[in-house]
Amino acid sequence: MKKNFDSVVIGSGVAGRGAASSLAAAGKKVAIVEEDLWGGTCPNRGCDPKKVLLSAVEARDAALQLKEKGLHTVPEVNWPDLMAFKETFTRPVPEQTKDSLQSSGVTTFFGNASFTPKQTLQVNEDELEAEQFIIATGARPSFLDIEGKEHFLTSNDFLTLPEMPKTITFVGGGYIAFEFAAIANAAGAEVHLIQHNDRPLKAFDKELVDLLMKQLEAKGVNFHLNIEITKITAAENGFVITDDSDFQLNSDLVFCTTGRIPNTEALHLENVGVEYDKKGILVNGYLQTSNAAIFALGDVLSKKQPKLTPVSSFEADYLVSHLTEKQSEPIAYPSIPTMVFSGPKLTQVGVTAETAADNPNDYELSTIDATKWFSYSRTNEPISTVKIITDKKTGLLVGAACLNNEADELINYFSRMIDQKMSAEELSKKVFAYPTIASDLSYFYS
Ligand SMILES: Cc1cc2nc3c(=O)[nH]c(=O)nc-3n(C[C@H](O)[C@H](O)[C@H](O)COP(=O)(O)OP(=O)(O)OC[C@H]3O[C@@H](n4cnc5c(N)ncnc54)[C@H](O)[C@@H]3O)c2cc1C
Ligand SMILES: NC(=O)c1ccc[n+]([C@@H]2O[C@H](COP(=O)([O-])OP(=O)(O)OC[C@H]3O[C@@H](n4cnc5c(N)ncnc54)[C@H](O)[C@@H]3O)[C@@H](O)[C@H]2O)c1
């Protein structure tokens with residue numbers, strides 16, 4: 001049946017649902033299509049469930065640090081209980097998301113959406129017409145094309161794992177592997193992480209990544225660098241992972257964590273002339289595709305910005321203000337902090353230490369070992385390192401990287417200081433509650 005709307009959004013993740021409900025609030029007749037879990041990756045099988053599992057890791061790590069310093073025992077993670085707790089967050093998400101979209105006036109369709117040559121959208125028996133289409137179909141886990149690839153599990157499986165196995169292996173050393181390695185290690189598994197070159201977490205500061213690996217190694221995580229695996233074989237107990245040389249590893253479970261691929265194929269973009277590459281859909285500065293009536297945002301984009309939740313929601317806000325004619329300028333991204341929620345946490349924003357070291361005439365780089373500072377030593381943290389990058393001409397903060405348990409708080413302060421072009425002198429005049437992470441800021445940036 002033919003149905004007509006002002007805007008039709010494909011995908012109900014952070015990007016799609018944000019755009020759909022705001023367009024409806026602006027008086028547009030809006031429809032949204034979802035083929036799987038309403039709410040998409042972040043609240044169902046991404047950031048939020050991962051962070052619930054991390055809560056137990058953080059509590060256990062805090063107790064480990066204070067062992068014989070006021071605490072006698074280190075608690076054990078009860079995986080089934082932790083999973084049950086996680087499910088109290090994830091279970092209600094799909095229904096709540098759908099209800100909230102409907103109560104904001106958005107018409108919902110469930111099914112796979114694909115474009116027809118008439119520039120309409122086919123969803124089951126329905127054919128949707130619209131002035132604008134907004135593609136927000138996100139990305140899915142990739143699989144290495146090797147012998148035995150059917151044995152790979154993905155991040156979706158890890159986040160619903162009923163039991164923590166004895167041995168667990170992550171192939172690919174990126175965000176997901178480092179975060180899940182910390183979780184599985186705290187939950188008692190023997191953890192292996194295999195990276196095909198010598199540069200895991202490539203987008204992050206190498207020195208800090210090496211320090212993070214040392215911390216994880218000290219907790220028992222095993223790193224295998226420069227290993228290109230070629231085969232997974234089912235064995236009596238679990239699997240055997242091999243390369244073309246003499247690498248061999250037995251593991252109960254093997255997870256492919258080599259990145260995510262954009263959901264473009266099922267859309268039949270060729271029917272509507274929307275261009276894309278292997279990283280995703282190509283857009284101009286207005287998030288408009290090569291078809292003027294079709295826009296795209298979120299993880300499905302081919303873009304240089306990191307594919308993260310706050311980036312998707314920033315794009316949704318931008319697109320809505322552009323389509324409702326409140327914004328005629330191209331999208332201008334603020335500084336985007338990136339973060340690996342491992343043990344400890346690793347973060348980065350702005351100009352990198354590597355760029356600063358390569359351009360000593362332009363940037364001042366200071367590396368600060370804060371391990372013995374009160375804020376970190378009071379919890380007996382094993383390491384706290386912060387890198388601060390300032391512009392030599394203006395003296396202003398332009399970049400920061402942190403490795404410690406409080407890096408999530410620190411990086412948000414540093415990001416705001418960069419965007420607000422706050423000088424060290426202005427910072428020194430602010431009053432922060434003491435003793436807190438914020439009250440240390442002037443010691444880092446002075
Ligand atoms: C394990 C994990 C942990 C993460 N942790 C963090 C974190 O801590 N912080 C952070 O900022 N980011 C994190 N991310 C990234 C973050 O989840 C994504 O950047 C964000 O969810 C992208 O939102 P989106 O709306 O673009 O896509 P999605 O949320 O993926 O939504 C896309 C939706 O489109 C639907 N869809 C696809 N094709 C079709 C079709 N043809 N028809 C109908 N519907 C379709 C999908 O089913 C999906 O629901 C994590 C990701 C993962 C996998
Ligand atoms: N904290 C966060 O913000 C967070 C957490 C999880 C996921 N995410 C998002 O999800 C995306 C996907 O995460 P991811 O960890 O799957 O991907 P990733 O791109 O972060 O890392 C993939 C890793 O796999 C390695 N690799 C590639 N081919 C390989 C091979 N053949 N053998 C061994 N290693 C190989 C890469 O070199 C890289 O180190 C991230 O890029 C990010 O956008 C964000």
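Author: Before the ligands, one convention: Ala, Val, Leu, Ile, Met, Phe, Trp, Tyr, Cys and Pro are nonpolar, Asp, Glu, Lys and Arg are charged, and the others, Gly among them, are polar. By that scheme the shell around ligand 2 holds 7 nonpolar, 8 polar and 5 charged residues. This is a predicted model, so features that are local need pLDDT of at least 70 and side-chain atom pairs need 80 or more, while totals for chains, interfaces and linings use all residues, and side-chain values use heavy atoms, without hydrogens or water. Residues count from 1 along each chain as its sequence is written, chains are lettered from A, and ligands are numbered from 1 in the order written.

Reader: What makes a residue part of the shell around ligand 2, and which ones are closest?

Author: The test is a heavy atom within 4 Å of the ligand. For ligand 2, 20 residues surround it, with I176, E179, Q195, K307 and M339 the closest.

Reader: Which backbone atom of K307 gets to call its approach to ligand 2 a polar contact, and why?

Author: A polar backbone atom of K307 is 2.7 Å from an oxygen atom of ligand 2. A polar contact is a pair of N or O atoms within 3.5 Å (within protein, one must be able to donate a hydrogen and the other to accept it, and sequence neighbours count only if both atoms are side-chain atoms), so the K307 pair qualifies. I176 has a backbone N or O atom 2.9 Å from an oxygen of ligand 2, and M339 has one 2.8 Å from a nitrogen of ligand 2. The protein covers 77% of the 850 Å² of accessible area that ligand 2 has on its own (Shrake-Rupley, 1.4 Å probe; for residues, only the protein chains shown count as cover).

Reader: Why do you say ligand 2 lies between domains?

Author: Because domain 1 (2–140 + 261–323) and domain 2 (149–258) both give residues to its shell. The domain bounds come from an automatic or database assignment. Helix 7 gives the most to that shell, with 3 residues (helices are DSSP runs of H or I with at least four residues, strands are E runs of at least two, numbered from the N terminus).

Reader: How many residues surround ligand 1?

Author: There are 37, and A15, E34, T41, K50 and D299 are the closest. By class they come to 15 nonpolar, 14 polar and 8 charged.

Reader: What is the omega of the bond joining G343 and P344?

Author: Omega is about 0° for that cis bond, and P344 sits in the loop between strand 19 (338–340) and strand 20 (345–350). Y434 to P435 is cis too, with omega near -10°; P435 is in the loop between helix 13 (424–428) and helix 14 (441–444).

Reader: What stands out about the phi of N226?

Author: N226 is not a glycine, yet its phi is positive, about 55°. N226 belongs to the loop between strand 10 (222–224) and strand 11 (229–234). L287, also not a glycine, has a positive phi of about 60°.
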